[in-house]
Amino acid sequence: MLTGTIAYAPDTPPAHEYPGYVAKCAAWMTQVFGSLERFSSMFSAPLFFHATNMRGESVSA
């Protein structure tokens with residue numbers, strides 16, 4: 001289990017323009033949503049999770 005904080009990041013580009021996310025999830029986004037752009041339009045609020053603990057253990061940055 002992870003615990004941490006979630007931050008809204010309004011200056012982040014849409015998912016279909018975020019290289020790391022596209023590299024990891026492009027095939028899934030296309031398969032499930034039809035296109036990268038459609039996924040981005042449906043999930044348009046960029047949130048980042050910063051883990052601080054994992055199963056009760058401290059997580060170092």
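This is a predicted model: local features need pLDDT of at least 70, side-chain atom pairs count only at pLDDT 80 or more; totals for chains, interfaces and linings use all residues.
Local features were considered only at pLDDT of at least 70 and side-chain atom pairs only at pLDDT 80 or more, whereas totals for chains, interfaces and linings use all residues. Numbering starts from 1 along each chain as its sequence is written, and side-chain values use heavy atoms, with hydrogens and water left out.

Seven aromatic pairs are present in the structure. A pair is defined by rings of Phe, Tyr and Trp (its six-membered ring) whose centres lie within 6.5 Å; planes under 30 degrees apart are stacked, those over 60 are edge-to-face and the rest are tilted. One of the pairs joins W28 to F33 in an edge-to-face arrangement, with 5.6 Å centre to centre and 75° between the planes. F33 is buried, at a relative accessible area of 14%, while W28 is partly exposed at 43%. Here buried denotes under 20% relative accessible area, exposed over 50%, and partly exposed the range in between (1.4 Å probe, protein chains only). W28 also pairs edge-to-face with F39, at 5.8 Å centre to centre and 70° between the planes. Because W28 belongs to helix 1 (residues 19-33) and F39 to helix 2 (residues 36-42), this pair ties together parts that are eleven residues apart in sequence. Helices (H or I, at least four residues) and strands (E, at least two) are DSSP runs, numbered from the N terminus. F39 is buried, with 6% relative accessibility. One aromatic cluster is formed by Y21, W28, F33, F39 and F43.

A26 is also located in helix 1 and is partly exposed, at 21% relative accessibility. Apart from neighbours within four places in sequence, A26 is in contact (heavy atoms within 4.5 Å) with Y21 and L36. A distance of 8.0 Å separates the C-alpha atoms of A26 and H16, which are ten residues apart along the chain.

On the surface, a nonpolar patch is made up of L2, I6, Y8, L47, F49 and M54, which together have about 670 Å² of accessible area. Accessible areas were computed by the Shrake-Rupley method with a 1.4 Å probe; for residues, only the protein chains shown count as cover. Patch residues have over 30% relative accessible area and no salt bridge; like charges are joined within 9 Å and nonpolar side chains (Val, Leu, Ile, Met, Phe, Trp, Tyr) within 5 Å. A salt bridge requires a side-chain nitrogen of Lys or Arg within 4 Å of a carboxyl oxygen of Asp or Glu. At least two residues of the nonpolar patch come from each of strand 1 (2-8) and strand 2 (47-54). M54 lies in strand 2 and is partly exposed, with a relative accessible area of 48%.
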